Amino acid sequence: MVSKYMLDKMKSSSAIRKMFEEGKEMIAKVGEENVFDFSLGNPNVKPPEAVNKSVKEILDRYAAGDIHGYMNNSGYLDVRDKLAAYENRTKGTDLAQQDIIMTCGAAGGLNVLFRCLLNPGEEVLTFAPFFSEYRPYINNHNGVLNVVPANPPSFQPDLLAFKEMISENTKIVLINSPNNPTGVVYTEEAIVGIANIMKEKEAEYGHSIILVSDEPYREIVYIDQELPYILNYYDNSVVVYSYSKSLSLPGERIGYISVSPKIDEHDTLLDALNVANRILGFINANSLFQRVAAEVSGETVNVEFYKKNRDLLCGLFDELGVSYAKPDGTFYLFVQSPIEDEIAFCNKAKEFNLLIVPARGFGCPGYVRMAYCTSHDKVERSLGAIRRLFECYK
Ligand code: PLP
């Protein structure tokens, strides 16, 4: 009865889910405190105080119809106004209210966008390693994902390979920085390089190629430097943002798309996004959290918390001489497997009650991802298990 398409997707998306189930079994056997689960990017740092405060105030301030009712599918106008002003103030953009489309997180934003841009068979080109859900999101809308191979040890985009691979069929170039799964922040030089190649190819092919930047980790950075904002580098661009990580609110399903005022077919795209939000069944983003988002702009979770976990793990890997990409952001660590078959390595890790994810699904076999969005105590107590695991391969 279940469609072939879904049966196929269930098979291919089962690795992390299976790990989740195995984690539960492990907990039942050895106790929660003895399982070192680095599998899921589910933030454990509390949202900033301002979030709770704002929820309470909003519930008191607004009549039910103004906070729980349907609204414009692209979101409350006053919220979009405030967010456009926030982006303009902090990023030097020139966004108007209409250029902000409220979405059910980045996942909702990407699906809405792909629905609007992709004709069947058109290509989305991204860089390995990449967030594994991109493939199903693109397939949902009959697009084709192509992947520029990973560029270790820096994991910056490989511009030469990109230039080779971009084709007449490329409709979207999709980037994600700070990156899941590496934690690497793409340099300004890389963004300029991507934009220049795309401009050149647009002129050569005579059609628009849209640069989509997926940025749920924008504020989770450990380096003291401005991150390039792609709307300032390339006219045919869109940024997909989410509060899932920056405010630790993944369950609330809230984020937004910023559309460049200079994008081709600007007005038609904005209308299309509005309709796509509705017909894909999202209807609109969570109403209460749209209002919260507008009020707490600029607030972020305690990034130092994640940095301390990063430093604990990196310290151990330095000592063990294990090769990894030093994350400048997110809460992921991308580590080279001591054996080629990283799935076998992740299975071995389970003997030490360690749950880590093989990077094959991120388009980069031979590596594993550790999500260190867990307590300091857990990370500290995991170090012995990680050491013993790697010692098996000495
Ligand atoms: N994009 C990336 C790179 C992610 O890591 C995630 C979630 O982990 C998402 C998108 C989806 O996030 P959201 O909860 O905002 O839908």
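The dialogue below goes through several features of this predicted model.

Reader: Which residues is I175 in contact with, leaving aside its neighbours within four places in sequence?

Author: With those neighbours left aside, I175 is in contact with F127, Y186, I191, I194, L211, V212, S213, D214 and I230.

Reader: How are two packed helices described, in general?

Author: The description of two packed helices rests on the angle between their axes and on the distance between those axes. Take helix 5 and helix 11 (residues 287-295) here, which pack at an angle of about 30° with their axes 9 Å apart. Angles under 35 degrees count as roughly parallel, and helix 5 and helix 11 are therefore roughly parallel to each other. Their crossing is left-handed.

Reader: Which residues of helix 5 and helix 11 meet?

Author: From helix 5 come D78, V79, K82 and L83, and they meet Q290, R291, A293, A294 and E295 of helix 11. Sorted by class, this contact has four nonpolar, one polar and four charged residues.

Reader: At what angle do the axes of helix 6 and helix 10 cross?

Author: The axes of helix 6 (residues 105-117) and helix 10 (residues 266-279) cross at roughly 125° and come within 9 Å. Helix 6 and helix 10 are therefore oblique to each other, and helix 6 passes helix 10 in a right-handed crossing. In helix 6, the residues V112, L113, R115, C116 and L117 meet L269, A272, L273, A276 and N277 in helix 10. By class, the contact of helix 6 with helix 10 has eight nonpolar, one polar and one charged residues.

Reader: Is K378 buried or exposed?

Author: The cut-off to keep in mind is that buried means under 20% relative accessible area. K378, whose place is in helix 14 (residues 376-391), has a relative accessible area of 10% and is therefore buried. Leaving aside neighbours within four places in sequence, K378 is in contact with E32, E33, V35 and F36.

Reader: Where is Q97 found, and which residues does Q97 touch?

Author: Q97 is found in the loop between helix 5 and strand 2, and with 27% relative accessibility it counts as partly exposed. Not counting residues up to four places away in sequence, Q97 touches L77, R80, D81 and A84.

Reader: What is phi of S248, and what is phi of I283?

Author: For S248, phi is near 55°, a positive value in a residue other than glycine. S248 lies in the loop between strand 7 and strand 8 and counts as buried at 10% relative accessibility. For I283, phi is near 70°, again a positive value in a residue other than glycine. I283 lies in the loop between helix 10 and helix 11 and is partly exposed, with a relative accessible area of 30%.

Note on methods. Residues numbered from 1 in each chain as written. Predicted model: local features only at pLDDT ≥ 70, side-chain atom pairs only at ≥ 80, totals over all residues. Heavy atoms only, no water. Contact = heavy atoms within 4.5 Å. Axes fitted to C-alpha atoms, helices over the stretch in contact; angles between N-to-C directions. Helix = DSSP H or I, 4+ residues; strand = E, 2+ residues; numbered from the N terminus. Parallel < 35°, antiparallel > 145°, perpendicular 65-115°, else oblique. Left-handed = near helix turned anticlockwise from the far one by under 90°. Nonpolar A, V, L, I, M, F, W, Y, C, P; charged D, E, K, R; others polar. Buried < 20%, exposed > 50% of the residue type's maximum accessible area, 1.4 Å probe, protein only.
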